[in-house]
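This briefing concerns the sequence and structure shown below.

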Amino acid sequence: MTDHSLPQHGLVRKTLVRRTFLRWGGRMAGTLAALPLLFRGGQAGADRSMPPIEQPAEATPRAFAARAIEMRDLASHTGDQGYGAVIVKDGKIIGQAPSRVVLHNDPTAHAEMEALRDVARRVGRENVRGAVMYGSSPACPMCEAGAYWAGIGALRHGRAAAGGAAPRLRKC
Amino acid sequence: MLTRRRFLVPAFDPVTDRLTPIEQPETPSPRAFMARALELARLGSRRNEGTPYGCVIVKDNRIAGEGWNRASVRHDATAHAEIEAIQEACRREQRRDLAGYVMYTNGGRPCPMCETAAYWARIDRIFTAVSSPDEITDRGAPKYGGC
């Protein structure tokens with residue numbers, strides 16, 4: 001004697017369980033996919049209240065170097081040391097700063113370091129791999145090591161955007 | 001008032017619009033200052049603010065500035081403990097020339113960025129300890145570029 005009700009019942013139950021699992025699984029997957037959008041809104045820690053950086057008309061090394069010189073002039077106009085820096089990634093300026101050593105009374109506030117901090121606030125990422133740093137002058141060891149820690153790919157300086165070597169942590 | 005002994009609070013308190021006072025050790029000694037640097041390293045990394053590094057800037061047996069690595073929480077690769085401590089000391093003392101101040105930090109030797117920052121700030125000497133406040137190494141005056 002065979003009882004077909006049990007396996008049938010089991011099959012129905014299994015199907016129900018599977019359907020429920022699929023439904024809930026789908027919901028869970030949707031929720032998990034939406035989590036980054038809900039809590040991060042794009043990039044974690046990026047400060048969206050900051051006014052956007054005005055981009056140069058054409059994205060050339062000369063134009064970025066010219067912006068670094070503009071930052072240097074801004075620094076010297078505000079009575080600070082005459083240095084400026086710009087950080088560029090994918091043809092866009094993602095951070096720029098004049099030197100603020102005198103203004104902020106901070107010996108570490110060189111233009112390059114302030115530009116790295118500007119990127120940290122705007123982009124909200126510790127590492128900006130493949131970015132290029134344009135300085136009005138060659139970087140000091142502090143700024144070069146800072147660029148190294150931030151993952152900057154190349155350093156350029158001056159109006160002609162000379163250089164192009166990757167920053168080194170230690171020069172000896 | 002929140003003390004900084006057990007809780008890491010930012011130097012600037014937005015509620016009182018003032019700098020939070022630094023709690024000084026009961027018996028000021030190189031050992032106590034280095035113990036504080038190691039404690040900051042431990043507390044900071046326990047809160048996932050960055051790698052386990054802490055730093056204390058001292059003058060006349062008094063802590064002038066404290067810092068710990070906040071690279072993760074700030075998303076800022078330059079927020080090393082030594083840089084944070086130099087910035088805080090300069091903000092508190094309202095000067096950017098830290099001649100006459102010494103630095104206590106953990107680890108083998110500050111990275112070239114931090115050592116050059118100490119050079120620019122004209123810090124007198126750097127003392128380091130790896131894990132124990134009893135084994136302090138005198139690294140001398142900071143060198144330009146760490147060389």
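Helix α4 (residues 112-120) of chain B is mostly covered in this predicted model: seven of its nine residues are buried. The buried positions of α4(B) are B:Pro112, B:Met113, B:Cys114, B:Glu115, B:Thr116, B:Ala117 and B:Ala118. Their cover includes elements from both chains, namely α3 (111-123) and α4 (141-150) of chain A and α3 (81-93), β5 and β6 (125-129) of chain B. After α4(B) comes B:Arg122, which has a positive phi near 60°.

**Interface between the chains**

- Chain B contributes 26 residues to the contact, and chain A contributes 27 residues.
- About 2,200 Å² is buried between chain B and chain A, and carbon and sulfur atoms supply 66% of that area.
- On the chain B side, the residues that lose the most area to chain A are B:His75, B:Arg96 and B:Pro112, which together make up 29% of what that side buries.
- B:Pro112 is also one of the buried residues of α4(B).

**Chain B as a whole**

- Chain B comprises four helices and seven strands, and from the N terminus on these follow the order β-β-α-β-β-α-α-β-α-β-β.
- Of its 147 residues, 54% count as buried.
- Among contacts in chain B with a separation of 6 or more, 52% come from residues 24 or more positions apart.
- The accessible surface of chain B is about 6,800 Å², with 49% belonging to carbon and sulfur atoms.

**Strand β3 of chain B and its partners**

- Strand β3 (residues 54-59) of chain B is mostly covered, as five of its six residues are buried.
- β3(B) and β4(B) run antiparallel and are joined by six bridges; within β4(B), B:Gly67 stands opposite B:Cys55.
- The hairpin of β3(B) and β4(B) has two residues between the strands, and B:Asp60 in this hairpin takes a positive phi near 50°.
- β3(B) also pairs with strand β5 (residues 102-106) of chain B, in the antiparallel sense and over four bridges.
- The bridge partner of B:Val58 in β5(B) is B:Val102.

**B:Glu66 in strand β4 of chain B**

- B:Glu66 belongs to strand β4 (residues 62-68) of chain B.
- Is B:Glu66 buried or exposed? B:Glu66 is buried, because its relative accessible area is 1% and the cut-off for a buried residue is under 20%.
- The side chain of B:Glu66 makes a polar contact of 2.8 Å with the side chain of B:Arg36.

**The sheet of chain A**

- Five strands of chain A form an open sheet with mixed pairing, in the order β2-β1-β3-β4-β5.
- The edges of this sheet are β2 (92-98) and β5 (162-163) of chain A; each has a single partner strand, so one side of each is left without a neighbour in the sheet.
- Helix α2 (residues 61-77) of chain A packs on the sheet and touches β1, β2 and β3 (132-135) of chain A. The direction of α2(A) makes about 150° with that of β1(A).
- Six bridges pair strand β1 (residues 84-89) of chain A with β2(A) in the antiparallel sense.
- A:Lys89 has A:Lys92 in β2(A) as its bridge partner.

Key:
Residues are numbered from 1 along each chain as its sequence is written. Chains are lettered from A and ligands numbered from 1 in the order in which they are written. This is a predicted model: local features need pLDDT of at least 70, side-chain atom pairs count only at pLDDT 80 or more; totals for chains, interfaces and linings use all residues. Side-chain values use heavy atoms; hydrogens and water are left out. Buried means under 20% relative accessible area, exposed over 50%, partly exposed in between (1.4 Å probe, protein chains only). Contact means heavy atoms within 4.5 Å. Accessible areas come from the Shrake-Rupley method with a 1.4 Å probe; for residues, only the protein chains shown count as cover. A polar contact is a pair of N or O atoms within 3.5 Å; within protein, one must be able to donate a hydrogen and the other to accept it, and residues adjacent in sequence count only if both atoms are side-chain atoms. Two strands pair if DSSP finds at least two bridges between them. Axes are lines fitted to C-alpha atoms, for helices over the stretch in contact, and angles run from 0 to 180 degrees between N-to-C directions. Buried area is the accessible area (1.4 Å probe) that two parts lose on being put together, summed over both.
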